[in-house]
Amino acid sequence: MSASFDLVVRNARIATASDTFHADIGVKGGVITQLGIGLPRGESEIDARGRVVTPCGVDGHCHLDQVIPPPVRMADDFLSGTRSAACGGTTTIIPFAAQQKGESLRSAVNEYHRRAEGRASIDYGFHLIVTDPAPDVVNRELPQLIAEGYTSFKIYMTYDDLRLNDRQMLEVMAAARKHGAMTLVHAENADCIEWLTESLLNAGLTAPRYHATSRPMLVEREATHRAISFAELVDVPIVIVHVSGREAVEQIQWARNRGINIFAETCPQYLFLCAEDLGIDDDYHGAKCVCSPPPRDPANQKVIWRGLADGTFTILSSDHAPFSFDDPHGKQPNGEQPAFPYIPNGIPGLETRMPLLYTEGVLAGRISLNRFVELTSTNPAKLYGLHPKKGTIAIGADADLVIWDEAERVLTNDMLHHAVDYTPYEGRRLRAWPGMTLSRGEVVWDGATFSATAGRGQFLRRGLPSIRQ
Ligand code: URP
Ligand code: ZN
Ligand code: ZN
């Protein structure tokens, strides 16, 4: 007689977004089919030995192999990026299919499928990046793609090659409303940044730390307010992504007090890095922490922590944007040290997102284990139309499970599995790391070895959001 389960994970301390309880987890065909005490034997067995088991991370914001004007190139493609995610406890990612201006959305989507196929080792969907909302794009392509499972798109208020004007933002948000999709907004005021950047460069101030001076909190606050106002006008929910500090948080809270349905994302860089990490003098190593919006100061970090605890933030994503430091395609190309506006924006973080938040959030007593699950897994799955297949431990859900090892270790880049030559968190003390990661019931990381085959990752056709603020 064949076993009832392909796999039983025994003696687990299961944490979901709402509950913590002891049980065995029965898995068949990659799906959780039973939860209970004393389940019958499976074909294979894993003893969790009472350790915490959470649903794997769902990273709702990361960039892999994104098309960028040369010589800049992302260090991680779908092979190294998904490997790194799995070793850090994340088995679902939603990177971006970015439209180039003048290009059709369909051709962008086809191109990113080509980049992911045969290389991704964990499951993935795509957000669209809409840079050219021509009538055919908004009226024909977007509705078709939403119906095919690309149910969210990002729009930018900054970066010359990506930004939309106010009218274009309204057109895209109106399409999202009509078809039930979710709009993610990068909220920074482009003209303010350009004006500040020019005056800094004219004064000869070119070091990485001036990246933060050129993008003060005010430019994020203004753009956040404008995006919220557009969402109110169109009457559609939006996500404000990578919120970095108090003034943007105040805008989000103001909007919610008015009954506007705004979701908010923050990222580890706004909890663990600050403007000083961009260099206190003209040290070029600060380029490693150049990302947008920039990390702020300790007072703003506190506000972000409070927002994680009090429900202001819906999700915590990595915004993994991987550029090596000492690399012809990276931040210090061929030993050259470009002025701050020309340093590729973004930092790596797919693998460290979950262990950092578990250590400094859960084990340091700032957030509960259940809130950790909600922020890193359940809410991104709900927001981006993947729940309950992803983001929970329940009968019928994919068996995407992390068994946590609560042991102290010092983080170094050579422990990580990305293709980036640094981590901004080098030397940090971590008190937790995935001891095992399972993706659809398959062990892809056992705490020492990554074992998934390239191409086993499945494309996820996503549904509509199933969450209200
Ligand atoms: O600096 C960042 N965040 N780079 C990635 C692109 C983006 O805007 O998210
Ligand atoms: Zn952004
Ligand atoms: Zn991003």
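This is a predicted model: local features need pLDDT of at least 70, side-chain atom pairs count only at pLDDT 80 or more; totals for chains, interfaces and linings use all residues.
Helices (H or I, at least four residues) and strands (E, at least two) are taken here as DSSP runs numbered from the N terminus.

**Stop 1**

Select Pro70 and Pro71 and display the backbone. The peptide bond joining Pro70 to Pro71 is cis, and its omega is near 10 degrees. Pro71 belongs to the loop that runs between strand 6 (57-59) and helix 1 (78-87). Now select Asp65, which is likewise found in the loop between strand 6 and helix 1. Asp65 is not a glycine, yet its phi is positive, at about 50 degrees. As background to both selections, most peptide bonds are trans, and most residues other than glycine have a negative phi.

**Stop 2: two further backbone features**

Move to strand 1 (residues 5-15) and pick out Asn11. Although Asn11 is not a glycine, it has a positive phi of about 55 degrees. Is Asn11 buried, partly exposed or exposed? With a relative accessibility of 37%, Asn11 counts as partly exposed.

Next, select His387 and Pro388. The peptide bond from His387 to Pro388 is cis, with omega near 5 degrees. Pro388 sits in the loop between helix 12 (369-383) and strand 16 (401-405).

**Stop 3: the zinc ion (ligand 2)**

Centre the view on the zinc ion (ligand 2). Which protein atoms are its donors? They are NZ of Lys154, ND1 of His186 and NE2 of His242, lying 2.1 Å from the ion. Along the chain, the donors of this zinc ion follow the spacing K-x31-H-x55-H. His186 and His242 link distant parts of the chain, being 56 residues apart. Select each in turn: His186 is in strand 12 (residues 182-186), while His242 is in the loop between strand 13 (238-240) and helix 8 (246-257). His186 has a relative accessible area of 2% and is therefore buried. His242 also counts as buried, because its relative accessibility is 1%.

**Stop 4: helix 3 and helix 4**

Select helix 3 (residues 135-147) together with helix 4 (residues 166-179). Their axes come within 10 Å and cross at roughly 45 degrees, so helix 3 is oblique to helix 4. The crossing of helix 3 and helix 4 is right-handed. Show side chains at the contact: on helix 3 these are Val138, Leu142, Pro143 and Ile146, and they meet Glu171, Ala175 and His179 on helix 4. By class, the contact of helix 3 with helix 4 comprises five nonpolar residues, one polar and one charged.

**Stop 5: helix 11 and helix 12**

Finish with helix 11 (residues 353-363) and helix 12. At what angle do the axes of helix 11 and helix 12 cross? They cross at roughly 150 degrees and come within 10 Å. Angles over 145 degrees count as roughly antiparallel, so helix 11 is roughly antiparallel to helix 12. The crossing of helix 11 and helix 12 is right-handed. Helix 11 contributes Arg353, Met354, Leu357, Tyr358 and Val362 to the contact, and helix 12 contributes Leu369, Phe372 and Thr376. The residues in the contact of helix 11 with helix 12 are six nonpolar, one polar and one charged.

Technical notes: Residues are numbered from 1 along each chain as its sequence is written. Chains are lettered from A and ligands numbered from 1 in the order in which they are written. Side-chain values use heavy atoms; hydrogens and water are left out. Donors are N, O and S atoms within 2.8 Å of the metal (3.2 Å for Na, K and Ca); water is not among the atoms, so sites may look incomplete. Buried means under 20% relative accessible area, exposed over 50%, partly exposed in between (1.4 Å probe, protein chains only). Axes are lines fitted to C-alpha atoms, for helices over the stretch in contact, and angles run from 0 to 180 degrees between N-to-C directions. Angles under 35 degrees count as roughly parallel, over 145 as roughly antiparallel, 65 to 115 as roughly perpendicular and the rest as oblique. A crossing is left-handed if the near helix is turned anticlockwise from the far one by less than a right angle, and right-handed if clockwise. Contact means heavy atoms within 4.5 Å. Ala, Val, Leu, Ile, Met, Phe, Trp, Tyr, Cys and Pro count as nonpolar, Asp, Glu, Lys and Arg as charged, and the others, Gly among them, as polar.
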